[in-house]
Amino acid sequence: MAPGPARLRGLRMPHIVRVLAVLILTLSLSPWGAAAHADPPAAVPEPPVAVSGPVTDRAGVLGGRQAEVEAAIARLRVRHGVRLYVVYVRSFSGMGATDWAAGTARLSGLGRLDLLLAVATGEGRYAVCADPAFPLSGAQLDSVAATAIEPELRHSDWAGAPIVAAREYDAVLASAGTVSAWNGPAHGLRRGPAVQIPDRLWG
């Protein structure tokens with residue numbers, strides 16, 4: 001579900017959200033890189049954006065699977081109150097993936113129970129961002145990135161990455177018992193400095 005107008009107008013995020021994972025895909029080490037040898041579409045630079053809904057596909061990679069992605073995101077929100085936003089672009093405009101994702105999260109007014117997955121399909125890079133007060137730890141979220149998001153992106157399964165991630169977030173939240181059900185927005189309740197995980201090679 002898209003962020004409500006009132007929340008977007010009223011929320012201020014002076015601190016950048018926590019950046020959880022960025023993996024740089026090299027042409028020589030991964031299936032995604034190998035596919036890029038086959039004349040990939042030119043990467044069109046795009047600055048950070050203010051999202052208007054759970055899925056923003058500026059790269060045009062989801063095709064007929066956008067509804068499937070949105071359904072997975074909706075289930076996560078209903079079960080735990082967590083909003084997952086996914087943005088696909090071809091390029092991060094020369095910015096680091098962490099900076100691009102953090103800028104998009106800030107422009108979008110994301111808050112305590114929000115997650116952002118930003119993917120640059122033409123560059124082989126992505127980042128996941130969360131508020132410092134998000135109920136899961138950085139290690140837990142980084143684990144989901146490594147086990148759920150990366151394998152799907154390596155096979156250019158653009159829809160699969162957020163679908164599997166939503167399923168894994170659901171399982172971890174249920175196990176932790178930190179958020180039980182959607183009971184209204186909980187945005188901007190606590191703010192803090194960003195915690196950044198260094199970029200790493202995605203081989």
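User: Is D157 buried, partly exposed or exposed?

Analyst: D157 is partly exposed, at 23% relative accessibility. Buried means under 20% relative accessible area, exposed over 50%, and partly exposed in between, with a 1.4 Å probe and protein chains only. This is a predicted model, where local features need pLDDT of at least 70 and side-chain atom pairs count only at pLDDT 80 or more, while totals for chains, interfaces and linings use all residues. Residues are numbered from 1 along each chain as its sequence is written, and side-chain values use heavy atoms, with hydrogens and water left out.

User: Which side chain meets D157 in a salt bridge?

Analyst: That of R65, at 2.9 Å from N to O. A salt bridge here is a side-chain nitrogen of Lys or Arg within 4 Å of a carboxyl oxygen of Asp or Glu. R65 lies in the loop between β2 (55–57) and α3 and D157 in the loop between α5 and α6, so the pair ties together parts 92 residues apart in sequence. Helices (H or I, at least four residues) and strands (E, at least two) are DSSP runs, numbered from the N terminus.

User: How many salt bridges by this rule?

Analyst: Six. One of them joins D170 and R79, with the closest N and O atoms 2.8 Å apart. D170 is in helix α6 and R79 in helix α3, so this pair ties together parts that are 91 residues apart in sequence. Another salt bridge is E150 with R154, at 3.5 Å; both lie in helix α5, four residues apart, about one turn of the helix. E150 is buried at 5%, whereas R154 is partly exposed at 22%. Salt bridges that share partners also join R65, E68 and D157 into one network.

User: Back to D170. Buried or exposed?

Analyst: D170 is buried, with a relative accessible area of 17%.

User: What side chain makes a polar contact with D170?

Analyst: That of H80, at 2.6 Å. A polar contact is a pair of N or O atoms within 3.5 Å; within protein, one must be able to donate a hydrogen and the other to accept it, and residues adjacent in sequence count only if both atoms are side-chain atoms.

User: Different topic. Which residues touch the most other members of the largest nonpolar core?

Analyst: L84, L115, Y126, I149 and Y169, out of 34 residues in that core. A nonpolar core is a set of buried Ala, Val, Leu, Ile, Met, Phe, Trp, Tyr and Cys residues joined through side-chain atoms within 4.5 Å. The largest share, seven residues, comes from α6. A second, separate core has 16 residues, including V51, Y85, A97 and C129.

User: How many residues of β5 are buried?

Analyst: Six of its six. R125, A127 and C129 point one way from the strand, and Y126, V128 and A130 the other way. Six bridges join β5 to β4, and the two run antiparallel; strands pair if DSSP finds at least two bridges between them. These strands form a hairpin with four residues between them, and G124 in the turn has a positive phi of about 70 degrees.

User: And which residues other than glycine have a positive phi?

Analyst: Among them are S93, at about 60 degrees, and S156, near 55 degrees. S93 is in the loop between β3 and α4 (97–107), and S156 in the loop between α5 and α6. Most residues other than glycine have a negative phi.
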